[in-house]
Amino acid sequence: THCVSGCVCPHDQVLDGKGGCIAPEDCPCIHNGNSYNPGESIRVGCNNCTCRNRKWHCSEEPCLETCSVYGDGHYTTFDGKRFDFEGDCEYVLVQNYCGQQAMNQGTFRVITENIPCGTTGTTCSKSIKVFLGVSIFFNDGHSDVIQRTPGGKMPFQIRSMGIYLVVDTTAGLILMWDKKTSIFIKLSPSFQGHVCGLCGNYDGNGNNDFTTRSQSVVGNVLEFANSWKVSSSCPNANRTKDPCTANPYRKAWAQKQCSIITSEVFAKCHSQVEPNEYYQACVDDACACDTGGDCECFCTAVAAYAQACNELDICISWRTPSICPLFCDYYN
């Protein structure tokens, strides 16, 4: 009944949210809180999405999923489930020898072992064994190849890529190792639902990733992880540690250092990769490394978050001369 002062768009047009009017077909698309104009493209995983008529139209290429292990026992499965586990044995990370029928039909197995240091038994590095018909051992920053079948073409290629040693295999598995505690395993989609181990079963559902060696789904991390130890004579891990309680004098330093993950430096990534779990893992690791190598543990934890951002094409330049510098020119 009363007139209200304000701006109204002409017929057939709508407000653009910035004080102007546009045709409905020129409306932007929204992704993670950012708006994109019609015709603009973004990358989601390994697919390109283009904005057309207010909707995203995406290519449907199957993507390689990643399982990551870093620091003192922080795992993210192929299906994105995160858990923490520290054990003193060799464990199967991923293999395609799963179930009763497949005992003799698998083609690869990746086994890892923690090498402890520090007074709390924290992990400084990992030794990795990759079996592909040929055995590859990674330890102490370098690799050894043991060829089982004489002659013939090697089913893999090893190369350096930045701080990583990368193993490209013909089996559809890519392994990246930072020569310390970070391991990233990428698997082709042809293995979906056909693998098992600490990296989960890669079936797109993170809720059933805690599948034990006997193929039962459990809710307890320790029960699940202990079932994947390689040697039955190894002791079961029976608790999860809290390093900041054991080393309370390091807690404030750890929280201050690790706050870079939740700071403006990584702001671009926060809407894409939840930072709090990475922050907490960083604090735990920085508390745990109490006999030298403390910066190493902190840097690895931040690098793991940077790598997760990088997987989504968000490249963040976080290293500085005072924070985890890489002396590239020395090796160049």
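Reply: Let's begin at tyrosine 91, which is found in strand β11. Before going further, please keep in mind that this is a predicted model, in which local features need pLDDT of at least 70 and side-chain atom pairs count only at pLDDT 80 or more, while totals for chains, interfaces and linings use all residues. Residues are numbered from 1 along each chain as its sequence is written, and side-chain values use heavy atoms, with hydrogens and water left out.

Strands here are DSSP runs of E with at least two residues, and helices are runs of H or I with at least four; both are numbered from the N terminus. Tyrosine 91 is buried, with a relative accessible area of 3%. "Buried" stands for under 20% relative accessible area, "exposed" for over 50%, and "partly exposed" for what lies in between, using a 1.4 Å probe and protein chains only.

What surrounds this tyrosine? Leaving aside residues up to four places away in sequence, tyrosine 91 touches Phe85, Val110, Ile111, Thr112, Leu198, Ala225, Asn226, Trp228, Lys229 and Val230. A contact of this kind means heavy atoms within 4.5 Å.

Now step back to cysteine 89. A disulfide, meaning a pair of cysteine sulfur atoms within 2.5 Å, joins cysteine 89 to cysteine 234, with an S to S distance of 2.2 Å. Cysteine 89 sits in the loop between β10 (82-84) and β11 (90-95), and cysteine 234 in the loop between α1 (221-226) and α2 (243-246), so this pair ties together parts that are 145 residues apart in sequence. The link of cysteine 89 and cysteine 234 is left-handed, with -125 degrees about the S-S bond. Cysteine 89 is buried, with a relative accessible area of 1%.

The torsion about the S-S bond is about 95 degrees here, so the disulfide of cysteine 244 and cysteine 287 is right-handed. Cysteine 244 belongs to helix α2 and cysteine 287 to helix α5 (residues 276-288), and this pair links distant parts of the chain, 43 residues apart. Both cysteine 244 and cysteine 287 are buried.

Another disulfide connects cysteine 46 with cysteine 63, again with an S to S distance given as 2.1 Å. At -90 degrees about the S-S bond, the link of cysteine 46 and cysteine 63 is left-handed. This pair also brings together distant parts of the chain, 17 residues apart: cysteine 46 in the loop between β5 (41-44) and β6 (47-52), and cysteine 63 in the loop between β7 (55-58) and β8 (65-70). Cysteine 46 is partly exposed, with a relative accessible area of 27%.

Cysteine 3 is exposed, at 82% relative accessible area. Cysteine 27 is in no disulfide, and the nearest cysteine sulfur, that of cysteine 29, is 9.1 Å away. Cysteine 27 is buried, with a relative accessible area of 13%.

A couple of backbone details can be found in the model too. Aspartate 12 has a positive phi of about 75 degrees although it is not a glycine, and aspartate 12 lies in the segment before β1 (14-15). Aspartate 12 is exposed, with a relative accessible area of 58%. Glutamine 215, in the loop between β19 and α1, has a phi near 70 degrees, which is also positive in a residue other than glycine. At 41% relative accessibility, glutamine 215 counts as partly exposed.

Finally, here is the whole picture. The secondary structure of the protein chain comes to seven helices and 19 strands. Its C-alpha trace spans about 85 × 50 × 45 Å along the principal axes. Of the 332 residues of the protein chain, 43% count as buried, tyrosine 91 being one that is buried. Among contacts between residues at least 6 apart in sequence, 47% join residues at least 24 apart.
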